[in-house]
Each structure stands twice: as structure tokens, then as C-alpha cells.
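Hello,

Here is the structure I promised to pass on. Please open it first, then read the notes below it.

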Amino acid sequence: MKPQSILIVTLICNLSLAAVAFHYFRSNGSPAGNTAVSESKAEKSSKLKTNPSSTPTRKLVVTNYNSDEFTWHNVEAQDYKDYIVNLRSVDCPEETIRDIIVADVNKLYALRFRELRGDEGEYKYWKGNGSMNWNTKEGYERQKKMRELEKEKSALLVELLGIDPDKERQKEMGYLDYRDRNLSFLPEEKKQLARDIQEKFEERRQELYRNGILDDEDQKALRKVYQEQMAEMAKVLTPQELEEYDLRASQVASQLRHDLDGFEPTENEFREVFKLRKAREEDLAYSYDPDDKEAQERRKKAGEEVDLQIKAQLGDARYAEYKRSQDYNYKELARLSERLELPKGTAVAVYDMKKVAEDEVKKVREDKTLTSEQRAQALQAIRTETEKAVTEAMGADGWKRYRSRGGYWISNLAPTPSGTSRVQTVITQ
Amino acid sequence: MKKLILISVLLNLGLVGAIAYFSVARKTQSAEVSAENSSRGAKLEKGSRSGKKEIVMVNAKGEKFSWRDVESEDYKKYIANLRVIQCPEETVRDIIIADVNKFYASRLKPLRKPVEDFKFWKNENNWGGGRRENDEYYKVQMETEKEKRELLKELLGADYEKEIAKQYGWSDQSQDPFNEKLPQETKDKLSEIQRKFGEQQSEIYRKAKGYHDEYVQADLKKIEKERRAEMAKVLSPEDLFEWDLRNSQTAQNMKWNELQGFDTSEEEFRAIFKAKLAAEDARTDGATDKAAREELMKTQKESQDALKATLGEDRYKEYQLAQNWEYKELARIAERQGVPKESAIQVYEMKADVEKAARAINADKTLTPEVRKEKLLAIKQATEQEVTSSLGERGYKAWKRNAWWLRNIIPPEPSKPSQ
């Protein structure tokens with residue numbers, strides 16, 4: 001054999017052996033149990049997984065060898081979809097696949113979120129998150145981009161796993177996104193369409209809310225945006241569905257839910273009151289201009305008219321409860337009663353005492369037959385009696401807390417006896 | 001030529017040696033897996049597809065590799081097995097953290113009320129939930145959280161939290177020189193104190209059910225005092241200051257709330273925090289006697305003077321403005337109207353001048369009520385014009401919503417006595 005031929009043969013052997021050695025070296029790269037972390041997957045991802053569908057793929061099935069011992073390199077891939085396929089091919093449970101992918105995607109996006117927030121550098125304990133202050137134009141824009149990124153992440157997870165596990169977990173915990181909540185009554189095929197419209201108009205609302213100061217013009221603009229949204233939704237929803245949406249998502253419904261806290265309306269009562277208020281939405285709108293007497297008068301008149309309609313609808317007894325539930329004094333009492341876990345009905349009982357006591361005081365003050373001394377004594381007696389009754393109803397602790405917050409009306413029934421300061425009264429009780 | 005042939009032959013021999021070495025090393029590693037796992041997995045499949053040979057991933061016993069070869073009921077074994085197949089440490093942590101989280105979540109699940117459909121006529125569902133957890137839930141939650149942390153620490157080491165921080169994009173505080181210098185033992189003690197008092201704090205908030213009166217505030221303050229006292233046993237006064245600077249509620253409030261828009265330097269942040277701490281320490285709750293109040297005012301003034309000296313006159317003024325609610329609103333109006341920040345400052349400062357002038361008019365006994373009212377009205381109108389020219393018509397309207405002080409400079413008409 002010619003030396004030239006021998007050299008060629010040995011060189012071919014060199015190359016073949018080098019290829020085999022390289023393969024062994026790669027799969028034996030780090031010893032078992034080595035805790036050194038390979039290049040962060042998230043870092044790799046940020047370079048390579050920006051477009052999962054276009055990145056190069058590495059398939060599990062190749063034809064070079066008969067068998068190979070398994071290492072993680074055999075399933076890892078630059079493309080998430082291949083990574084999932086590879087994990088499935090070794091019977092990795094779906095739940096574990098989700099855990100791996102969600103953690104990886106989270107890290108990938110966490111880097112981008114940090115970049116957006118502008119805190120990707122070293123930790124500075126004295127720096128807050130001023131860059132995200134949505135009252136500033138820059139902060140608002142950043143928040144907008146954050147929302148877009150959040151959507152992108154969710155879409156990627158849905159594409160890869162069929163669901164967004166973060167959202168699923170939230171749902172399981174009971175924290176349903178209010179956008180989904182408002183659309184929960186719709187058939188599945190309409191949900192996404194309605195959601196897209198909702199989100200489109202949400203952006204316009206956010207722009208109005210951004211400044212943190214809503215004036216009358218903004219309020220009008222908000223109502224207009226909602227009307228436009230409803231007009232667009234009317235193209236995909238039936239009139240009945242639209243009405244149901246209004247009951248869940250409109251500003252009127254939201255305000256009514258707040259106002260009726262403590263009233264415990266039935267579904268039907270809520271629908272009826274909503275209808276009446278909705279019909280007069282423009283007139284009932286609150287005016288932020290303290291000098292706009294005309295608007296204030298219009299609101300007052302509309303309020304009285306709507307109240308009459310509600311009274312006719314609910315009946316006298318329920319109407320009285322309806323009015324009570326909107327009284328700030330009652331709301332405070334109800335909250336305190338709940339906080340102290342007082343028996344149901346305590347808040348109503350104390351609230352009624354207030355009305356009775358104040359009526360009594362009015363009578364005494366208007367009674368021209370009384371001397372000043374007799375009047376003072378009578379007022380003092382009402383106050384003492386009321387304090388006693390409230391203490392019995394709420395307990396000593398309840399009374400102590402109530403008098404410092406909300407229960408000031410009792411002190412107004414009669415002057416505090418001379419020689420006793422309010423501070424002293426509080427301290428001694 | 002001969003030399004080249006010789007080099008090539010030697011290279012071949014070297015490569016054969018390297019292959020032999022890697023082959024032996026791999027068998028040694030895999031033997032550890034097989035020792036821990038019972039023989040599981042499907043039978044070996046070789047070259048089965050359309051005449052082509054396929055790569056078949058096998059375990060150490062030559063059986064087709066399956067995830068069951070690494071999975072184990074025992075977390076420690078599971079981790080060891082994952083490491084044997086060279087699963088990156090980061091992925092090992094991701095898998096274990098998610099699994100442990102799910103395990104503990106499953107213990108809490110039965111204690112939570114099932115999710116109900118949204119009932120639009122009920123206010124409790126207004127923000128998508130209402131309270132679905134009872135007291136027992138919170139008790140078990142606290143216990144399981146503690147157990148979970150201990151388990152994860154045991155399995156993955158003390159810095160497993162870094163992995164969680166990475167997922168959520170939280171800043172890595174461990175790189176802070178102060179945190180770096182603290183011994184691990186001290187860090188553990190501090191974490192324990194934080195958790196203990198954090199739980200107590202949560203309990204107060206939970207019981208308050210959103211009703212935060214002065215009694216709740218007093219309970220919270222008491223807890224805070226106790227927390228600091230326990231911290232002082234673990235840290236030197238200097239380190240306690242450093243720790244508070246990073247983690248206390250006062251510092252957090254400064255960072256995320258009060259100083260928004262002030263853009264503090266590190267030095268300024270430290271100076272402001274110092275002044276606040278001095279004022280807080282001097283405050284004695286419930287002190288009603290004159291001497292205690294005077295002492296408090298004196299201490300507060302001293303700390304403010306010291307702060308002014310550190311920040312300088314201009315920055316001190318900006319600092320005060322940044323915390324002022326009225327100014328903040330004015331700044332927002334100015335931004336919206338597209339007028340410079342200076343206009344907001346100008347309007348803000350107008351208030352003190354106007355009130356001073358109004359006081360002088362009210363104090364002037366030579367004026368008749370009519371003339372007094374006329375003069376006050378003139379001041380009010382001039383102020384309104386000034387604000388309109390500074391902030392624009394819409395800005396003025398937004399500003400006057402909360403400008404009660406201006407409306408109040410004119411005394412109200414005396415009401416008619418009731419009949």
C-alpha cells in the first residue's frame with residue numbers, strides 16, 4: 001500500500017474516532033450530582049426562543065446509533081415544542097412537563113419584565129418603582145407594555161400547553177379575572193369575541209383613568225366609551241346577552257353593588273333597581289364642579305324621582321332597608337359589627353337607637369316649656385340612656401371602639417358634663 | 001510522509017483511549033441510578049422504524065429509558081436521579097419547587113369553599129371572589145408554609161428562594177453588600193423573626209376584616225416594637241439600622257409611596273430614614289401632658305433640621321413637596337395640562353399667601369362686615385384668575401374641587417334661626 005493511501009485511511013480513522021469521542025464527551029460532560037448550573041435556560045431562551053415556531057429543532061429520533069444512554073441533553077431542545085415532544089417521548093408526566101415549561105417561560109419573561117421596569121441592574125435598596133408610576137406618561141406607557149407582555153406570555157403558554165396554568169391556578173383559588181367574570185354567562189364561542197372588544201375599550205378607559213383626576217369631562221368621556229363598547233358588542237351579542245353584560249360590567253351596576261352592600265338584594269330586586277337607575281344615568285351623574293349648581297340640582301331632583309320609583313317597586317319596608325344600607329353611619333356600624341362578630345341584627349338595632357335618640361333630642365330642644373336647666377337634664381338623660389343601650393347591644397369593647405369611630409353622634413346628643421374632657425372620657429372608659 | 005502517518009496513528013490511539021475512558025465513566029454513573037431504582041420501563045426496542053435504525057434512550061440496565069426511572073416517592077432520590085441524568089440544577093429546582101408547592105396546596109384545597117358563579121347582585125363578588133377561606137384555613141396555611149420552607153431548604157439548600165425570585169423577576173438582594181456580609185446563621189435567625197412577626201401581623205389584619213381603627217394600629221405598633229427588640233438581640237445597632245433601612249415598613253413606605261417622584265440618592269434616602277426613625281422613636285403614644293408633647297416637638301424639629309442640613313435647602317423643599325398630597329394632585333393636573341412643574345409649585349405656594357392675607361383682613365377690626373367680605377371676595381377672585389392662568393381653564397376646574405380652603409376664606413352667611 002502506498003504511504004499516501006495509508007495516510008488517507010488513518011486520517012479518516014482520526015475523523016471518525018474524533019466524532020465518537022466528541023459524542024461521548026458531550027453526554028458525559030459533567031459528573032453525576034454536579035451542582036454547577038449549565039447556562040441558564042432562561043438566558044438561552046432569551047436568545048433562541050423568541051419565536052418558538054421558527055427556531056431550529058433537535059429531534060429525539062436520529063439514525064446514527066442503535067442505542068444510547070439517556071441524559072438530559074437528549075430531551076432538551078431550543079424549541080419549546082420539541083422540548084415538550086421529547087419529554088413526552090420518555091413518559092414524563094404531563095404535570096411535570098407543565099412545571100418545567102411554566103418555570104422556564106416565567107424566567108424568560110421575568111427578564112423582559114425587569115427590563116421594562118428598569119430594574120435589571122444591581123439591587124438598590126433606596127430605589128422604589130418610580131419608573132412604573134402610572135400617573136406619569138412614561139410610567140403609563142411602561143405599564144401598557146407590561147400588560148402586552150403579560151398577554152404574550154399567556155398566549156405562549158396556551159400555545160404550548162393548551163392552557164395558561166397560572167390562570168388555571170388563579171381560577172381554582174377563586175381569583176377570577178374580572179374580565180372573564182363579566183363574560184362567564186356567555187356561551188364559549190362568544191366569550192373570546194366579547195373579551196377582545198372589552199379589552200379594546202379597556203385601553204381607552206385606562207387612558208382616561210391614568211391621570212388619577214377624573215373631572216366632569218372625563219366622566220362624560222367614560223360614559224361615551226362604554227356606549228361605543230356596547231354598540232360594538234351588540235354586533236356579536238343578542239339584546240338579552242347585552243343586558244346581562246350591562247348588569248355585570250357597567251359603572252351603574254358596579255356602583256349599585258357598592259351602594260346595596262348590607263341590603264342583600266335578591267336578584268330580581270337588583271335587576272329592578274338597576275333598570276331604574278340606568279334609565280337616569282346621565283342625570284344621576286355626580287358633578288365634580290362645586291360651583292355647578294345646575295348640575296347639583298339636576299342630580300338631586302333625579303335622585304328623588306328615582307327613589308320614588310324604587311319605593312313603589314320595593315314596597316315601604318324594603319325601601320327603608322334600601323335607604324339605610326346607603327347611609328354611611330349604618331355602613332360603618334355594619335362593618336364594626338362584622339369585625340367584632342356581634343350577633344346579626346346588632347347594627348340595625350344600634351342604627352335604630354340613633355334615630356330614636358335624635359328624634360327625642362329634637363323634641364326636647366324644641367320644647368319651649370322647659371327651662372334651660374330642665375332641657376340640659378333631659379338631654380343628658382337621653383345621652384346616658386342611649387350610651388347604656390348601645391353598650392348593652394355592642395358590649396363594652398364594641399362601645400369603646402364605636403364611640404371613637406362613627407359613634408360621635410352620641411356625644412352630640414348632650415354636652416359632655418363640665419369638668420370632664422373628651423380625652424379623659426375616652427381614657428377612663 | 002512517514003512522520004505524518006505516525007502522528008495520525010498516535011492520534012487514533014489517543015482517541016481510542018479517550019473513548020474507552022468516557023465509556024467506563026458513564027457505566028459507573030449509571031450504576032448509581034440502577035442501584036436506586038427498581039427495574040422499570042419498557043423493553044428495549046431497536047431499529048424498528050421503516051428499516052432505519054433509531055436511537056433508543058436506555059437506562060443503565062439497557063432498558064428503554066422512561067421518566068419512571070428517575071421519578072421517586074422520595075424527593076431526595078428524585079433529585080439524585082435527576083442529577084444522574086444531568087438534568088441542569090436549575091431545572092431540578094423548578095421541578096421540585098413546583099411539586100412541593102402542589103403538594104402543600106392540595107392540603108389547603110379542602111379547606112377552601114368551592115368557587116361559586118359570579119352573582120352580580122351581590123357585592124362580595126365584586127372583585128372576583130369574596131372570602132372563601134375560614135380561620136382554620138389560615139391556621140393550616142401558616143403551618144404548611146413553615147413546613148414547606150423547611151422542606152425546600154433541606155432539599156435544595158438555603159438559596160432555593162433565588163430560583164423563585166428568578167421566576168418572578170424579583171431583585172436579587174443577596175448581592176447587596178450588607179446582605180452578603182451577614183453570616184448565614186444570622187440571616188436564618190432574622191428570617192425566622194421576620195416570619196414570626198409577619199404571621200402575627202397577618203393575624204391582626206385578618207381579624208380586623210378591613211376595619212382599621214386606632215386599636216388595630218396600636219396592636220400593630222406593639223408587634224413592631226417587639227420585632228425590633230428581638231432583632232436587636234441578633235444585630236448590632238449599626239446592622240439593625242442597615243437592616244431596617246432595607247426591610248422595615250417605614251423604609252418600604254418611603255420607597256414605594258412617600259418618595260415616589262422624588263428620585264432619591266442613597267445618601268438622601270439614608271438621611272430621610274434616619275430623621276423618620278428619630279421621630280418615631282421619640283413618639284410616646286397616649287402622652288397627653290404638655291411636657292411630653294413639647295419634648296416630642298423638640299426632637300422632631302431637631303431631626304428635621306439635621307435632615308435639612310444634609311439635603312440642602314432646595315432638595316429639602318422638594319422632599320417636602322413630594323410628600324404633600326395637595327401638591328401631588330397639583331403636579332398631576334400640571335402634567336395633564338402640559339404646563340411646567342413650576343406652575344404647580346407656584347399655585348401650591350399661593351395658598352399660604354392667600355390665607356395670610358385673609359387672616360389679616362379678618363383681624364382688622366376697623367372694617368365693617370360688608371367691606372371685609374368685599375375684600376375677601378376680591379382675594380378669592382384674584383386667586384382663581386391666577387390659578388386659571390397658571391393651569392388653564394380645565395386645570396383650574398380640577399384644582400378647585402379640593403380647594404376648600406379658598407371657599408372657606410369667606411365666612412358663610414349666618415343661617416336663619418329655626419322657628
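A residue counts as buried when its relative accessible area is under 20%. Asp99(A) has 12%, so Asp99(A) is buried. Please keep in mind that this is a predicted model.

Salt bridges between chains

The structure holds 74 salt bridges over all chains. In one of them, the side chains of Lys102(B) and Asp99(A) meet, with N to O at 2.7 Å. This pair crosses between chains: Lys102(B) sits in helix α3 (residues 89-108) of chain B, and Asp99(A) in helix α4 (residues 94-117) of chain A. Lys102(B) is partly exposed, at 29% relative accessibility.

Asp94(B) forms a salt bridge with Lys107(A), and their closest N and O atoms are 2.8 Å apart. This pair also crosses between chains, from helix α3 of chain B to helix α4 of chain A. Both Asp94(B) and Lys107(A) are buried.

Helix α12 of chain B

Asp305(B) forms a salt bridge with Lys301(B), the closest N and O atoms being 2.9 Å apart. The two are four residues apart in helix α12 of chain B, so about one helical turn separates them. Asp305(B) is partly exposed, at 37%. Lys301(B) is exposed, at 51%.

Thr310(B) lies in helix α12 (residues 290-311) of chain B. Its side chain reaches the backbone oxygen of Ala306(B) at 2.9 Å. Leaving aside residues up to four places away in sequence, Thr310(B) touches Glu267(B) and Ala271(B). Thr310(B) is partly exposed, at 43% relative accessibility.

Best regards

Notes
Residues numbered from 1 in each chain as written. Chains lettered and ligands numbered in written order. Predicted model: local features only at pLDDT ≥ 70, side-chain atom pairs only at ≥ 80, totals over all residues. Heavy atoms only, no water. Buried < 20%, exposed > 50% of the residue type's maximum accessible area, 1.4 Å probe, protein only. Contact = heavy atoms within 4.5 Å. Polar contact = N/O pair within 3.5 Å; in protein donor to acceptor, adjacent residues only side chain to side chain. Salt bridge = Lys/Arg side-chain N within 4 Å of Asp/Glu carboxyl O.
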